[in-house]
Amino acid sequence: MGAPLDPVAFLSQPNTVLRILEFTFAIIVFGVIADSCFIEVPGSDGKHSVFNKSKSAANFGIAIGVLSFLVSLAWLVISFLNKTSSMFTQQRPLLAKLEVATDGFFTFMWFVAAIVLAAKWGQVNKDHRDQLKKLHDGKQAVSGANSAIVFAFFSWLAYTGSLFFSVPMMNGPYDDDYDYAGQADPIDTYQEFTEEEQADNQPVPF
């Protein structure tokens, strides 16, 4: 088993705080886009994206948000297990590289998502925005579009921070106190046993 977990120390670690922020921001982004940013405009068929009627931009934001939520939650669980068990001891070098790769990927993708959403929203002229605000769900759509852009930018900042902390971890040090089966290092165990055995075989003085 791993060292006893201090919940306060674990939750106050920068990596943990950033992971919590990442999946929280991701929920907000894909939640507000899916719930508020598709509305029915009078005189048109079906629902349209408020991002200048670009469904691809809205769907891109939803897709990145969902993937980011799942990945950040997965890394949070892995980090928790690393603190409480030896399940991933032998895989830690590989996990460190994978963490850097995913952090780098989402740092780039959130930057692209924030730029795309902001650009499409910026193409909506003022008259159309005023028209949206007069619709039944228009005010909520305008607020949702602004929120999606802001929290996409916040997500980019959070992943940039995670990348900053994860890159140094690629070179270790790693905790090698456990073997692949989650048992104590047999070399250390053997050395302790030998020392105890030698102590037991010492002649008893008269």
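**Phenylalanines in pairs**

Let's start with F154, which is partly exposed at 34% relative accessibility; that term covers the range between buried, under 20% relative accessible area, and exposed, over 50%, with a 1.4 Å probe and protein chains only. Before going on: this is a predicted model, where local features need pLDDT of at least 70, side-chain atom pairs count only at pLDDT 80 or more, and totals for chains, interfaces and linings use all residues. Residues are numbered from 1 along each chain as its sequence is written, and side-chain values use heavy atoms, leaving out hydrogens and water.

So who does F154 pair with? Searching the whole structure gives 11 aromatic pairs, where a pair means Phe, Tyr or Trp rings (for Trp, the six-membered one) with centres within 6.5 Å; planes under 30 degrees apart are stacked, over 60 edge-to-face, the rest tilted. F154 and F25 make a tilted one, 5.8 Å centre to centre with 45° between the planes. That pair links distant parts of the chain, 129 residues apart: F25 sits in helix α2 (residues 14-36) and F154 in helix α6 (residues 138-166). Helices here are DSSP runs of H or I, at least four residues, numbered from the N terminus. F25 is buried, at 14%.

F154 also pairs with F151: centres 5.5 Å apart, planes at 90°, so edge-to-face. Those two are three residues apart in helix α6, about one helical turn. F151 is partly exposed too, at 22%.

One last item: F23, F30 and F69 form one aromatic cluster.
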